[in-house]
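Here is a briefing on how two chains meet. Look at the model first, then read the points below.

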2 protein chains.
Amino acid sequence: MNSEAFTLDPRLAADTRLLASLPLCDVRLMDDARYGWLVLVPRHDGLVEIADLGEDEQITLWREVNLASRALRAVMPCDKLNLGALGNIVRQLHLHVVARCEGDAGWPGPVWGHGQRQPLADAELHERMATLRQALAAPG
Amino acid sequence: MNSEAFTLDPRLAADTRLLASLPLCDVRLMDDARYGWLVLVPRHDGLVEIADLGEDEQITLWREVNLASRALRAVMPCDKLNLGALGNIVRQLHLHVVARCEGDAGWPGPVWGHGQRQPLADAELHERMATLRQALAAPG
């Protein structure tokens, strides 16, 4: 892996903020008041499908998805976690982990392709980022 | 794992057909003419989140998702694979692997919560099941 060559898609860069760099993925917060929403982006250029990763890196990927899921659920209790890897619009490989609550803006449908992102106010954004960073850094 | 205790949610049973029983998951075909669409269901009762599986079983799960993805792509060439684990409506843990083509019925949105399932004609259903079963049984 040559992480120096990694370039984040500008649409992901515009909508998300960096929370943590795990061994394989950057974990980013979707700046959206409607949902607790993390995006994991493996730091490889040119990746499109999960199957493009080697087997060892796939195991690392799923470990990091688990870590992110646990951290998200600890900070933002929810009724259901949603995991998605679509990439129909932004092809750079990225995985969504979303904390869903009954009655939330898109419930029970998917968050993707539903409504408009609602950016957080500055204070809320910084608080959410701080608590999620703490949870992501907490042991297992 | 006690596979004898496994009961498939009746909504999944109604919409899908069994293709193969892998070590952890049943792989089922979504009976929908709009998309090449597989659903993987771990044969455990009471599972809701991927994180409810032990670490070894999670590795098995992702191997089986990969196997299913490769088989689907071999039989139904596509522009993008979509992976999703939502469970907002049917809580029994199940993972979707969907072959997406530019311009398909829901493109570029997600398949979940979009439009109505269009059951295949009998002959098409049986042909699709036969070719997918062959691909799922093919080595690596």
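Helices and strands here are DSSP runs, numbered from the N terminus; a helix has at least four residues and a strand at least two. By that numbering, Pro108(A) sits in the loop between strand E5 (95-100) and helix H3 (122-137) of chain A. The model is predicted.

**Symmetry**

- Two copies of a chain are related by a rotation about an axis and a shift along it.

**Interface between chain A and chain B**

- In chain A, 31 residues are in contact with 31 residues of chain B.
- Of the interface residues of chain A, 100% are also interface residues in chain B, so the copies meet through the same surface.
- The size of an interface is often given as the accessible area lost when the parts come together.
- Chain A and chain B bury about 2700 Å² between them. Carbon and sulfur atoms account for 50% of that area.
- Three residues, Glu49(A), Lys80(A) and Asn88(A), supply 22% of the area that chain A buries against chain B.

**Helix H2 against helix H2**

- Helix H2 (residues 55-75) of chain A packs with helix H2 (residues 55-75) of chain B. The angle is about 120°, and the axes are 11 Å apart.
- That angle makes H2(A) oblique to H2(B).
- The crossing of H2(A) and H2(B) is right-handed.
- From H2(A), the contact uses Glu55(A), Gln58(A), Ile59(A), Trp62(A), Arg63(A) and Asn66(A).
- From H2(B), the contact uses Glu55(B), Gln58(B), Ile59(B), Trp62(B), Arg63(B) and Asn66(B).
- By class, the contact of H2(A) with H2(B) has 4 nonpolar, 4 polar and 4 charged residues.

**Cis peptide bonds**

- In chain A, the peptide bond from Trp107(A) to Pro108(A) is cis. Its omega is near -5°.
- In chain B, a cis peptide bond joins Trp107(B) and Pro108(B), with omega about -5°.
- Pro108(B) lies in the loop between strand E5 (95-100) and helix H3 (122-137) of chain B.

Methods. Residues numbered from 1 in each chain as written. Chains lettered and ligands numbered in written order. Predicted model: local features only at pLDDT ≥ 70, side-chain atom pairs only at ≥ 80, totals over all residues. Heavy atoms only, no water. Contact = heavy atoms within 4.5 Å. Axes fitted to C-alpha atoms, helices over the stretch in contact; angles between N-to-C directions. Parallel < 35°, antiparallel > 145°, perpendicular 65-115°, else oblique. Left-handed = near helix turned anticlockwise from the far one by under 90°. Nonpolar A, V, L, I, M, F, W, Y, C, P; charged D, E, K, R; others polar. Buried area = accessible area lost by both parts, 1.4 Å probe.
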